[in-house]
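Hi there,

I'm handing over the structure we talked about, and you'll find it just below. After it come my notes on what turned up.

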Amino acid sequence: YLRLSDNLRAREALRQCLPDSLRDATFATHIKDDLTVKRWLSSLLYNISDSGDPAANPDAAAAGGVGPVVGGPGPMVGHG
């Protein structure tokens, strides 16, 4: 879902059909100790929110479009 949320059309679809269990606290106790999964879920929820949509929030896009991530810095992609 997170990778799909990078695509504008997929993001629009996810806003409508993302399972409620990912939007509420259903998995909170299961992922509380997994910082990576918490980051992924936080990023997904941000991406599908109006705040994560560059078209809905041009100021955020101009500033880099990076939203808040629960638990620390963003994903460590391409490092190493």
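Let me begin with Glu-12, which has a relative accessibility of 34% and therefore counts as partly exposed. Please keep in mind throughout that this is a predicted model. Glu-12 forms a salt bridge with Arg-15, with 2.5 Å between the closest N and O atoms. The structure holds one salt bridge. Arg-15, at 19% relative accessibility, falls under the 20% cut-off and so counts as buried. The two partners, Glu-12 and Arg-15, sit three residues apart in helix α1, which means about one helical turn separates them.

Next, the helix packing. Helix α1 (residues 8–17) and helix α4 (residues 35–48) have axes that come within 9 Å and cross at roughly 100°. Since angles of 65 to 115 degrees count as roughly perpendicular, that is how α1 lies relative to α4. On the α1 side, the contact is made by Arg-11, Leu-14 and Arg-15, while α4 brings Leu-44, Asn-47 and Ile-48. Sorted by class, this contact of α1 with α4 has three nonpolar, two charged and one polar residues.

Some of these names return in the largest nonpolar core, which has five residues: Leu-14, Leu-18, Leu-22, Leu-44 and Ile-48. Which residues does Ile-48 touch, not counting those up to four places away in sequence? They are Ser-5, Arg-11, Leu-14, Arg-15, Leu-18 and Arg-23.

Happy browsing, and do write back with any questions!

Best wishes

Terms used
Residues are numbered from 1 along each chain as its sequence is written. This is a predicted model: local features need pLDDT of at least 70, side-chain atom pairs count only at pLDDT 80 or more; totals for chains, interfaces and linings use all residues. Side-chain values use heavy atoms; hydrogens and water are left out. Axes are lines fitted to C-alpha atoms, for helices over the stretch in contact, and angles run from 0 to 180 degrees between N-to-C directions. Helices (H or I, at least four residues) and strands (E, at least two) are DSSP runs, numbered from the N terminus. Angles under 35 degrees count as roughly parallel, over 145 as roughly antiparallel, 65 to 115 as roughly perpendicular and the rest as oblique. Contact means heavy atoms within 4.5 Å. Ala, Val, Leu, Ile, Met, Phe, Trp, Tyr, Cys and Pro count as nonpolar, Asp, Glu, Lys and Arg as charged, and the others, Gly among them, as polar. A salt bridge is a side-chain nitrogen of Lys or Arg within 4 Å of a carboxyl oxygen of Asp or Glu. Buried means under 20% relative accessible area, exposed over 50%, partly exposed in between (1.4 Å probe, protein chains only). A nonpolar core is a set of buried Ala, Val, Leu, Ile, Met, Phe, Trp, Tyr and Cys residues joined through side-chain atoms within 4.5 Å.
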